[in-house]
Amino acid sequence: MDGFQIRIRQSLQLRLSASLSIAIMVVAISAGIFSFVSAYEEAIELQDEQLRQMAAMIARQDAPLRFAKSPKQVPDRDAEFRVAVQLLTQSAAAGPLLTGELPGLASDLPEGIQTVETQGVSWRLFVQTLDADSRIAVGQKIAVRDEVARDGALRTLMPFFVLFPVLLLLVADLIRKMFQPLKTLADDLDMRSEDDLREITATGLPSEIRPFVVAINRLLSRIAQSSLVQRRFVADAAHELRSPLTALSLQAERMAAAEMSLEAASRLATLRQGIHRNRNLLDQLLTLARAQHLPLPLEASEAVSIQLVFRQVLEDLMPLAESKGIDLGVTGEMDATVGASEVDLYALVKNLVDNAIRYTPQSGRIDLSAEASDGTVTLTIADTGPGIPEEERERVFDPFYRVLGNSETGSGLGLSIVKAIASRIGAIVHMSYSDEKKKTGLRVRVVLLATVLRPLPVFG
């Protein structure tokens, strides 16, 4: 019960439904009570009027009144609902009219409608004078009258009993439909990537929600502007730092040609390695800034060969793989062209392969392949390294994030670049273990839209 109350307090839809349901219930109960009382009183008045009409009918008869010798001589289908007629006279010879159900009535009863109790039974009577010596009392048991009036009044409540749950269901459905635009808006925002900062369209939304949408659009605009300033700063800083690093690298090369002690040569080698790592970091920062800064392409402007991109990446990274004794190559004979920028696709594959080389141990293996099905092309880069745990696979795409317990040098930007480029070209990236049983190795699949498929001979 406490959980339900918390849900009501936290949900505007449930609060509105509960409030309307309570209001409808109060109105329905009030209307039902009013209808019951009105119908009951109207039934009582109708029964009183029936007593008046019967007395008037008897009074208009020209023939003298005839008395029944015994109640058994009068046919009667339901004794409980019959109306009793009693002659009120001072003459001892006068007997009851018809049934004689009202013995012992006083002859001096007042004229009109009244309630009388005789022999422990309450009666509703209408007394009328016939002539100077005769009066009649037309009556009916109050218990019977009340039962008839109550049954009739209860029948008037049947529409309330039927319509009340129907009305509650209808109100709940209407409220759900009224809140549907909010749910649609939330689903649209939830399905967007963090780089999609387009404005939300307010078309078809209720006027009460539009100010909320306008505020969100203003916030998205400010976030986009702030993100743009940040990316420009990173790109400008990386660009400005390249010149002094290039100068330092040239000076280091010149110093390496000069004669120096072994200790100085060792320190110089360490310096040159640091300069090289910093240049790689700046190159990756520039690549990431470019991938994030450029607008999303509306349609593919190039048709890039997958095998051509594989060949370019292998030419650039094969020396790094050979230095670790890693078997790097392409498997499969299928080539395909995809709608993407060649620069983007090259950067995506290169960063995936470079990441695989860094984390694959000595004498390991890295396979590149392409598969096509149902109008899509899947690029696969599989290695024999330690792999990435499932709980880490979302975070490894964050800039500068690196899996703990890894001694390999790196900036943590490679997979961030992959994610940014995949978002630009409309690709989907999946990660899994190369060996699911042993939970080792990393297999990265990149799914793109294909344009042309053709078999080609395998190279390298």
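**Figure 1. Salt bridges in the predicted model.** The structure holds 12 salt bridges, and it is a predicted model, so every distance and angle in these legends describes the prediction. Across the protein the pLDDT averages 78, and 81% of the residues score at least 70.

Figure 2. An α-helix has 3.6 residues a turn, so residues three or four places apart point the same way. Lys 183 counts as partly exposed, at 48% relative accessibility, and Asp 187 is likewise partly exposed, at 35%.

**Figure 3. A salt bridge between two strands, formed by Asp 327 and Arg 365.** Here the side chains meet at 2.9 Å, N to O. Asp 327 lies in strand β6 (residues 327-330) while Arg 365 lies in strand β8 (residues 365-373), so the pair ties together parts of the chain that are 38 residues apart in sequence. Asp 327 has a relative accessibility of 41% and counts as partly exposed, and Arg 365, at 37%, is also counted as partly exposed.

Figure 4. Helix α9 runs over residues 342-359, and its 18 residues reach 26 Å from the first C-alpha to the last, close to the 26 Å expected at 1.5 Å a residue. The helix is mostly covered, with 13 of its 18 residues buried. Within α9, Asp 354 forms a salt bridge with Arg 358, the closest N and O atoms being 2.9 Å apart, and since the two residues are four apart in this helix, they are separated by about one helical turn. Asp 354 counts as buried, because its relative accessibility of 14% falls under the 20% limit, whereas Arg 358, at 27%, counts as partly exposed.

Figure 5. Most residues other than glycine have a negative phi. Ser 363, by contrast, has a positive phi near 60 degrees, and this residue lies in the loop between α9 and β8, where it counts as exposed at 62% relative accessibility. Lys 439 has a positive phi near 55 degrees and is placed in the loop between β10 (428-435) and β11 (440-455); with a relative accessible area of 42%, Lys 439 is partly exposed.

**Figure 6. Helix α10 and the glycine that follows it.** Helix α10 covers residues 414-425, and its end C-alpha atoms are 17 Å apart, which agrees with the 16 Å that its 12 residues should span at 1.5 Å a residue. Because 10 of these 12 residues are buried, the helix is largely enclosed by the rest of the structure. The buried residues include Leu 415, Ile 417, Val 418, Ile 421 and Ile 425, and Arg 424 is also among them. Just after α10, Gly 426 takes a positive phi of about 75 degrees.

**Figure 7. A nonpolar surface patch, with Ile 29 as one of its members.** Ile 22, Met 25, Val 26, Ile 29, Ile 33 and Val 37 form this patch on the surface, and together they have about 520 Å² of accessible area. Ile 29 is found in helix α2, which covers residues 12-59, and it is partly exposed, with a relative accessible area of 48%.

**Figure 8. Glu 117 in strand β2, shown with Lys 141.** Glu 117 is found in strand β2 (residues 112-118) and is exposed, with a relative accessible area of 58%. Although Glu 117 and Lys 141 are 24 residues apart in sequence, their C-alpha atoms are 9.6 Å apart in space.

Conventions:
Residues numbered from 1 in each chain as written. Predicted model: local features only at pLDDT ≥ 70, side-chain atom pairs only at ≥ 80, totals over all residues. Heavy atoms only, no water. Patch = residues over 30% accessible without salt bridge, like charges linked within 9 Å, V, L, I, M, F, W, Y side chains within 5 Å. Areas by Shrake-Rupley, 256 points an atom, 1.4 Å probe, with all protein chains shown as cover. Salt bridge = Lys/Arg side-chain N within 4 Å of Asp/Glu carboxyl O. Buried < 20%, exposed > 50% of the residue type's maximum accessible area, 1.4 Å probe, protein only. Expected span 1.5 Å × (residues − 1). pLDDT = per-residue confidence, 0-100.
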